[in-house]
Amino acid sequence: MPLHITKIAFRSESPATLRAWLDSHEGEARTTTRYLPKRVEEMAGGSLYWIHGHRLVGRSPILGFEETGQGRYWIRLEPRLIPVRGKPKRAHQGWRYLEDADAPPDLDGGEADELDAMPAALLGELSKLGLV
């Protein structure tokens, strides 16, 4: 079972803008982190789960980690957002580990399209109630 990480979708106005940013990359997308995870070997086959509006909204499979040459590390990602069943997640700085057993399941295409059409505030409220 792979280990995952969570990270805030910083500077993303909505899951749709996060998806557009990821889609704009060919081959891989990169985001930075100050520290290399100590459990990096356990992350083979894992994903970065994105937090937006205090809930997990999607995941991007992790391709690996690489030094930037400036004392930081790239988190190398597949350039796609796979929608997941919304799960409340408190905001935090940097990233946090997420065990596979605690990761929300992926949504199918129809469910994802319906959620994309809802306003972020409504999704947040429905998520708090455990309805999405």
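Glu 66 and Arg 30 form a salt bridge in this predicted model, with their closest N and O atoms 3.6 Å apart. Glu 66 belongs to strand E4 (residues 55-67) and Arg 30 to strand E2 (residues 29-33), so this pair ties together parts that are 36 residues apart in sequence. The structure holds eight salt bridges, and its largest pocket has a volume of about 640 Å³.

- Glu 66 is partly exposed, at a relative accessible area of 32%.
- Through shared partners, salt bridges join Glu 28, Arg 30, Glu 66 and Arg 76 into one network.
- Arg 76 has a relative accessibility of 21% and counts as partly exposed, because the buried class requires a value under 20%.

**The salt bridge between Asp 106 and Arg 59**

- The side chains of Asp 106 and Arg 59 meet in a salt bridge with an N to O distance of 2.8 Å.
- Asp 106 is located in the loop between strand E7 (95-99) and helix H2 (109-117), whereas Arg 59 is in strand E4, so the pair ties together parts that are 47 residues apart in sequence.
- The relative accessible area of Arg 59 is 16%, and this residue is therefore buried, the cut-off being under 20%.
- Asp 106, in contrast, counts as partly exposed at 38% relative accessibility.
- Side chains of opposite charge can pair when their charged atoms come close.

**The largest pocket**

- The volume of the largest pocket is about 640 Å³, and 22 residues line this pocket.
- Of these lining residues, Lys 7, Phe 10, Thr 31, Thr 32 and Arg 72 are the closest to the pocket centre.
- Strand E1 (3-8), helix H1 (15-23) and strand E2 are the elements that give two or more residues to the lining.
- Strand E2 supplies the largest share of the lining, with four residues.
- By class, the lining has eight nonpolar, eight polar and six charged residues.

Conventions:
Residues numbered from 1 in each chain as written. Predicted model: local features only at pLDDT ≥ 70, side-chain atom pairs only at ≥ 80, totals over all residues. Heavy atoms only, no water. Salt bridge = Lys/Arg side-chain N within 4 Å of Asp/Glu carboxyl O. Buried < 20%, exposed > 50% of the residue type's maximum accessible area, 1.4 Å probe, protein only. 1 Å grid on protein atoms, 1.4 Å probe; cavity = no way out; pocket = protein on both sides within 12 Å on 5 of 7 lines; lining within 4 Å. Points joined across faces, edges and corners; volume = space filled by probe spheres on them. Nonpolar A, V, L, I, M, F, W, Y, C, P; charged D, E, K, R; others polar.
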